[in-house]
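Biologist: Can you show me the model? I have a few questions about it.

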Amino acid sequence: MAKLTFYGAARQVTGSMHLLEANGKLIVLDCGMFQGRRAESRELNSRHPCDPKTIHAVIVSHAHIDHTGRLPLLARDGFAGVIHATPATRDLCAIMLADSAHIQEEDALFLNKRRRHQDEPVIEPLYTAADAVQAVAQMQASPCQRWFKVASGVHARFFEAGHMLGSAGIEVEITEANGRKKVLVFTGDVGRWGIPILRDPAPLPECDYLICESTYGGRNTDAIADLKPKLAEVVRRTVARRGRIIIPAFSVGRTQTLVYYLRQLFTSGELPALPVYIDSPLAVNATEIFRLHPECYDHDAREFGSHTGSILGSRSRSGGEK
Ligand SMILES: [Zn+2]
């Protein structure tokens with residue numbers, strides 16, 4: 001009998017982690033970081049559900065830190081198995097876990113300054129850049145819809161979740177000793193239909209057990225079709241009075257959506273071609289990874305890319321995006 005235990009993102013948000021025991025092996029689904037008040041998060045993040053040395057494999061649904069942020073800790077504390085992910089998730093993890101490690105190191109520096117001042121013992125960062133590199137070295141990529149072996153009698157495949165570049169649900173098929181098969185599906189975070197660049201979520205596979213995210217389940221959101229005309233209107237108005245537009249945007253996902261929309265508006269002539277500058281190394285690196293993964297694009301993005309050469313333009317020498 002397989003056994004499932006929830007260690008995070010259950011009756012709370014962030015820290016997504018589920019432990020599956022199947023055919024005598026421990027398999028972790030997602031390994032997310034708790035994000036909340038500093039002291040509480042540090043305590044929650046330092047605790048493992050079991051000795052990492054005993055974990056056979058990890059499967060991650062997508063690269064957001066609340067689903068992957070504890071992978072470096074797991075690797076540092078002795079987990080030596082494979083971390084399965086889609087190709088785009090693996091590549092995004094390479095930059096996002098490095099960024100997360102940098103934040104942990106900076107955070108420890110900041111706290112230690114204060115602690116030294118108050119004669120308190122210094123603390124170590126939750127993990128370092130070296131731990132993040134180690135975790136990425138253990139990642140193995142499988143594209144959506146291709147079965148891969150996780151352990152003896154346990155196979156899995158990813159299916160499109162439409163939530164961020166590379167995001168996927170996970171279908172796990174467990175063949176027990178008596179030959180009986182059970183299917184467990186973990187949705188990860190599920191995206192909205194019709195969001196730009198990415199393909200829509202795939203229909204859920206048939207299953208015996210379903211782990212489903214529901215964070216924004218009860219909320220209505222603005223129609224996606226209105227977003228591009230609204231952006232065009234703001235830019236047009238600002239251009240008319242020779243102004244500048246500064247847009248705060250998440251580095252991974254939101255920035256690329258904005259660049260994609262602007263490039264479409266420039267190409268169609270709805271807006272005059274304007275210089276676009278991305279003032280964030282993480283966002284510039286993430287944009288490079290979007291360029292590397294056209295397999296994640298929807299039909300419109302592929303069409304646009306084939307006409308224009310690149311859906312997100314090219315990187316200029318000054319580091320801006322054109
Ligand atoms: Zn997410």
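Biologist: Which residue takes a positive phi in the hairpin of β2 and β3?
Modeller: Asn23, with a phi near 50°; two residues lie between the strands there. This is a predicted model, where local features need pLDDT of at least 70 and side-chain atom pairs 80 or more, while totals for chains, interfaces and linings use all residues. Residues are numbered from 1 along each chain as its sequence is written, and side-chain values use heavy atoms, without hydrogens and water.

Biologist: How do β2 and β3 pair?
Modeller: Strand β2 (residues 17–22) and β3 are antiparallel, over five bridges. Strands are DSSP runs of E with at least two residues, and helices are runs of H or I with at least four, numbered from the N terminus. Two strands pair if DSSP finds at least two bridges between them. Leu20 stands opposite Ile27 in β3.

Biologist: And how many bridges join β3 to β4?
Modeller: Four, and these strands run parallel. Val28 is opposite Val58 in β4.

Biologist: Why is β3 largely enclosed?
Modeller: Because four of its five residues (25–29) are buried, meaning under 20% relative accessible area with a 1.4 Å probe, protein chains only.

Biologist: New topic. Which residues are the protein donors of the zinc ion?
Modeller: His62 (NE2), His64 (ND1), His163 (NE2) and Asp189 (OD), 2.2 to 2.4 Å from the ion. Donors are N, O and S atoms within 2.8 Å of the metal (3.2 Å for Na, K and Ca); water is not among the atoms, so sites may look incomplete.

Biologist: How far apart in the chain are His62 and Asp189?
Modeller: 127 residues. His62 is buried at 1% relative accessible area, and Asp189 is buried at 13%.

Conventions. Buried means under 20% relative accessible area, exposed over 50%, partly exposed in between (1.4 Å probe, protein chains only).
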